[in-house]
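Thanks for making the time, everyone.

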Amino acid sequence: MIECPSCGHKHRPGTLFCTECGVYLPSGGPLGTEPIPEGDLPAARVRGWQSDSGGEGQQESPAALSISVPSSGRQIPVPSAKAVEVGRLDAAHGIFPDVDLAPDGGLEGGVSRRHCKICYQEGRYFVEDLGSANGTFLNGKRLTPCLTHALENGDELQLGRVKLRIMVQD
């Protein structure tokens, strides 16, 4: 048995998070508390948005994108990058999605670690299922893995059983 260093609750071997207090068991502390050195950030995040049609060094100003999780009430601003991965964090396997749905019931709701990708191309947002186990649905329709589908303001995405609302601000 693994004992939580924070609250003392006992867990089976291999458990990542304490079910009582939420502490990340392998390290004994909360996740995301240490700053990430700028050199470790993906290049797309450091550079910002690059225009596909403009010259080198020009920056495109896309509409801001955020994701609302109705079940938890959380609003998630999507990082400024050409593509962001949506899924659930699994530090033990080195999986750190840009948008982590673990705090919103992602594990229980069937969200894969690498579930889908949201990208910005030619002035529009697109979503692509990354071969997730429980599927990605756009406005109730299951998406074919590895094909991109256009996203619009107000669209409903469902990853497994976790529903999300897409918000694009001009």
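Let me start with lysine 117, which has a relative accessibility of 28% and therefore counts as partly exposed, where buried means under 20% relative accessible area, exposed means over 50%, and partly exposed is what lies in between, with a 1.4 Å probe and protein chains only. Before I go further, please keep in mind that this is a predicted model, in which local features need pLDDT of at least 70 and side-chain atom pairs count only at pLDDT 80 or more, while totals for chains, interfaces and linings use all residues. Residues are numbered from 1 along each chain as its sequence is written, and side-chain values use heavy atoms, with hydrogens and water left out.

What does lysine 117 pair with? Lysine 117 forms a salt bridge with glutamate 128, with 3.6 Å between the closest N and O atoms; by salt bridge I mean a side-chain nitrogen of Lys or Arg within 4 Å of a carboxyl oxygen of Asp or Glu. Since lysine 117 sits in strand β7 and glutamate 128 in strand β8, residues 124–129, the pair ties together parts that are 11 residues apart in sequence. Glutamate 128, at 13% relative accessibility, counts as buried.

Those strand names come from DSSP runs numbered from the N terminus, with helices being H or I of at least four residues and strands being E of at least two. In that counting the protein chain has 1 helix and 13 strands, and from the N terminus the elements run β-β-α-β-β-β-β-β-β-β-β-β-β-β. Of its 170 residues, 35% count as buried.

Now to the sheet around that pair. Five strands form an open sheet with mixed pairing, in the order β6-β5-β7-β8-β11, and two strands count as paired if DSSP finds at least two bridges between them. At the edges stand β6 and β11, the latter spanning 148–151, each with a single partner strand, so one side of each is left without a neighbour in the sheet. β5 and β6 pair in the parallel sense over 2 bridges, and there valine 86 stands opposite valine 99 in β6.

Arginine 114 is partly exposed with a relative accessible area of 44%, and glutamate 85 counts as partly exposed at 22%.

Strand β3, residues 64–69, and strand β4, residues 74–77, run antiparallel and are joined by 4 bridges, with isoleucine 67 opposite isoleucine 76 in β4. The hairpin has 4 residues between its strands, and glycine 73 in it takes a positive phi near 80 degrees.

Arginine 74 forms a salt bridge with aspartate 104, the closest N and O atoms being 2.5 Å apart. Because aspartate 104 lies in the loop between β6 and β7 and arginine 74 in strand β4, the pair ties together parts that are 30 residues apart in sequence. Aspartate 104 is buried at a relative accessible area of 8%, whereas arginine 74 is partly exposed at 30%. The structure holds 7 salt bridges.

I will finish with arginine 88, in the loop between β5 (83–87) and β6 (99–100). Arginine 88 is buried yet has no salt bridge, and the nearest side chain of opposite charge, aspartate 90, is 5.7 Å away; for charge, Lys and Arg count as positive and Asp and Glu as negative, with His and the chain ends not counted. What the side chain of arginine 88 does reach is the backbone oxygen of valine 111, at 2.5 Å.

How values were computed
Polar contact = N/O pair within 3.5 Å; in protein donor to acceptor, adjacent residues only side chain to side chain.
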